[in-house]
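Have the viewer open as you read.

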Amino acid sequence: MAMRRVDLRSDTVTKPTETMRAAMASAEVDDDVLGYDPTAARLEMEMARIMGKEAALFVPSGTMANLICILTHCQIRGSEVILGDYSHIHIYENGGISTIGGVHPRTVKNNEDGTMDLDLIEAAIRDPAFEICFPTTRLICLENSHAHSGGRCLSVEYTDKVGKLAKKHGLKLHIDGARIFNASVALGVPVHRLVQAADSVTACLSKGLGAPVGTVIAGSRSFIAKAKILRKTLGGGMRQVGILCAAAIVALEENVSKLEGDHQKAKILAEGLNKIEGLKVDMASVETNIVYFDILQGSNISETHLCKVLEAHGVLTLPEGPFKLRLVIHHQISESDVHYTLSCIQKAVTGFVDENHGN
């Protein structure tokens, strides 16, 4: 009998559904580098509509999407971008804006809810009068939802204020919207309204939406025309890409409506974890599909050992740091899977406790 498998490492681990596979097999395709793939065009038009932007562009990954956007806004080497110190772009994207683009990051402290204080953002903007020494600030980046903060959502009011600040200083605003659909569902605000203040936005198709590959960039027609050239420069131009875009179209049609259920299951998981002695979840941080939990001091439980014990029972997780784990819900996790996970964690922790007491 096969062991039950509950994969909570990320929402990027989903497998293509049968509907997606069928759509991929029958997709109408052509050469997208030359601009003729009809399925890619259909996806891009739909994403532009959803984002409330003039145009959109399919790219292989979120990391490439953010890099393209930043390099399109910052075409002069030595430009500076203001972004959060715990933003995905700054921590998890290989420093590409610097190594490839010659763009300098200027970090501002992320608050627990993923925001950055407006006065700190403004204070980080370089004085153009001293450009003989300073890099030139050209861009502000936000992330919604904010992964490192546990998937917390930036409100439309906050985003609008940052957009107003950017315009005041002649800067552009980019939103890393890897999980923007999660934020939209959690806040009850349409995606286009959440990103209205942004000059560019990315949306990942292979996270909560469950497509196998891809991210879409949205912005003005002129911005997307420049982004398309950079996509080719970075090796992201693909030929019969409609095969991938077909799965993404299915994801939009079928899985956006499942995100609310994912969020509800994340709350069930978080509440259950909080009932296990020796573990703690900040319930205020559980707004979407990501749950961080801490192993309290004195529990004598190693996060790496706990992960190994859970893996032996078919539950896959990721350690996030000393005494901290991250669990991510997606559309292929059922409520039964959540309860099974809680049972396994309870037994694992109890086993550690008994072991420690035995010593």
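In which loop does Asn94 lie? Asn94 sits in the loop between H4 and helix H5 (96–99). Keep in mind that this is a predicted model, so every value below is computed from it.

As background, most residues other than glycine have a negative phi, and most peptide bonds are trans.

Phe323 is another non-glycine residue with a positive phi, again near 60°. Look for Phe323 in the loop between strand S12 (318–321) and strand S13 (324–328). Its relative accessible area is 42%, so Phe323 is partly exposed.

Then there's a cis peptide bond, joining Asn144 and Ser145, with omega at about -5°. Ser145 belongs to the loop between S5 and H7.

**Helix H7**

That brings us to H7 itself, which covers residues 156–168. Does its geometry agree or disagree with 1.5 Å a residue? It agrees: the 13 residues should span 18 Å, and the end C-alpha atoms are 18 Å apart.

An α-helix has 3.6 residues a turn, so residues three or four places apart point the same way.

**Salt bridges**

How many salt bridges are there? The count comes to 16. In general, side chains of opposite charge can pair when their charged atoms come close.

| Pair | Closest N and O atoms |
|---|---|
| Arg9 and Asp7 | 2.6 Å |
| Glu54 and Arg221 | 3.8 Å |
| Arg106 and Glu80 | 4.0 Å |

Take Arg9 and Asp7 to begin with. Arg9 is partly exposed, with a relative accessible area of 29%, whereas Asp7 is buried, at 6%. The pair also belongs to a network of salt bridges that links Arg5, Asp7 and Arg9.

Now for Glu54 and Arg221, with closest N and O atoms 3.8 Å apart. This pair links distant parts of the chain, 167 residues apart: Glu54 is in the loop between helix H2 (38–51) and strand S2 (55–59), and Arg221 is in helix H10 (residues 221–233). Glu54 is partly exposed, with a relative accessible area of 47%, while Arg221 is exposed, with 57%.

Finally, Arg106 and Glu80 form a salt bridge with the closest N and O atoms 4.0 Å apart. Arg106 lies in strand S4 (residues 104–108) and Glu80 in strand S3, so this pair ties together parts that are 26 residues apart in sequence. Arg106 counts as partly exposed, at 26% relative accessibility, but Glu80 counts as buried, at 0%.

**Nonpolar cores and a surface patch**

In soluble globular proteins, nonpolar side chains tend to be buried together. Which residues have the most contacts inside the largest nonpolar core? They are Leu43, Met47, Met51, Phe181 and Leu205, in a core of 57 residues. Helix H11 (residues 242–254) gives the largest share of this core, with nine residues.

Leaving out residues up to four places away in sequence, Phe181 touches Met47, Ile50, Met51, Val191, Ala203, Leu209, Leu252, Val256 and Leu259. A second, separate core has 28 residues, among them Ile276, Ile295, Cys307 and Cys344.

Some nonpolar side chains are on the outside, though: Tyr86, Ile91 and Tyr92 form a nonpolar patch on the surface, with about 280 Å² of accessible area together. Tyr86 is in the loop between strand S3 (79–84) and helix H4 (88–92). Is Tyr86 buried, exposed or partly exposed? At 40% relative accessibility, Tyr86 counts as partly exposed.

Definitions and conventions. Residues are numbered from 1 along each chain as its sequence is written. This is a predicted model: local features need pLDDT of at least 70, side-chain atom pairs count only at pLDDT 80 or more; totals for chains, interfaces and linings use all residues. Side-chain values use heavy atoms; hydrogens and water are left out. Helices (H or I, at least four residues) and strands (E, at least two) are DSSP runs, numbered from the N terminus. The expected span of a helix is 1.5 Å times one less than its number of residues. Patches are made of residues with over 30% relative accessible area and no salt bridge: like charges are joined within 9 Å, nonpolar side chains (Val, Leu, Ile, Met, Phe, Trp, Tyr) within 5 Å. Accessible areas come from the Shrake-Rupley method with a 1.4 Å probe; for residues, only the protein chains shown count as cover. Buried means under 20% relative accessible area, exposed over 50%, partly exposed in between (1.4 Å probe, protein chains only). A nonpolar core is a set of buried Ala, Val, Leu, Ile, Met, Phe, Trp, Tyr and Cys residues joined through side-chain atoms within 4.5 Å. Contact means heavy atoms within 4.5 Å.
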